[in-house]
Amino acid sequence: MKHEDYLAWIDDFIFDRIEYIDDLKEFIEHSRNCPKCFEELKFQYSIRRSLGDVQFKLGSDDDVIDPDMELKAIFSYYDKYIENNDKKKHVITTIISIICLGVLLLIILIIIKELKII
C-alpha cells in the first residue's frame, strides 16, 4: 500500500468505514509495518477520541486515552474477525465443491444410463 492511499484511509478506518476485508487487511498490515504511518494514525485517532468523535468500543471508555493500546486492541479484534471470515469462506468453498461433485456424479450416472439404453 502506498503512503498516500494509507493516509486517505485513516478516517475510514477510525470510523469503521473500510468496506472490504482485503482493504482492511492491507491497511492493518501497513500500520504494523510502517512506523511513520502508524504514528499518523495514532495522532489522528487521539484527536478524534479527545473530541469525542469516536469511542473505544473494545473496553472501558474512560477519560484516559492510550491510542497505542487502543489501536493494537482494535487490530487484534480485526485479526480475529478476518480469521473467522476466512474460515467461513473456506467452509462455503468446501460446501460448494461438494455440491458440484454431487451434480457432476449425477450427470455421469445419467449419461451412463442413457448409453446403456442406446
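**View 1. Disulfides in this predicted model: the count is zero.** A disulfide is a covalent bond between the sulfur atoms of two cysteines. Here it is counted as a pair of cysteine sulfur atoms within 2.5 Å. Cys-34 is in no disulfide. Its nearest cysteine sulfur belongs to Cys-37, 3.6 Å away. That distance is too far for a bond.

**View 2. Cys-34 and Cys-37 are both buried.** Buried means under 20% relative accessible area, exposed over 50%, and partly exposed in between (1.4 Å probe, protein chains only). Cys-34 has a relative accessible area of 10%. For Cys-37 the value is 3%.

**View 3. Helix α3 covers residues 35-51.** Helices (H or I, at least four residues) and strands (E, at least two) are DSSP runs, numbered from the N terminus. The expected span of a helix is 1.5 Å times one less than its number of residues. For the 17 residues of α3, that gives 24 Å. The end C-alpha atoms are 24 Å apart, which agrees.

**View 4. Several residues of α3 are buried.** They are Cys-37, Phe-38, Leu-41, Lys-42, Tyr-45, Ser-46 and Arg-49. An α-helix has 3.6 residues a turn, so residues three or four places apart point the same way. After α3 comes Gly-52, with a positive phi near 80 degrees.

**View 5. Confidence along the protein chain is given as pLDDT.** This is the predictor's confidence in each residue, from 0 to 100. The average is 87, and 91% of the residues score at least 70.

**Notes.** Residues are numbered from 1 along each chain as its sequence is written, and side-chain values use heavy atoms, without hydrogens and water. In this predicted model, local features need pLDDT of at least 70 and side-chain atom pairs count only at pLDDT 80 or more, while totals for chains, interfaces and linings use all residues.
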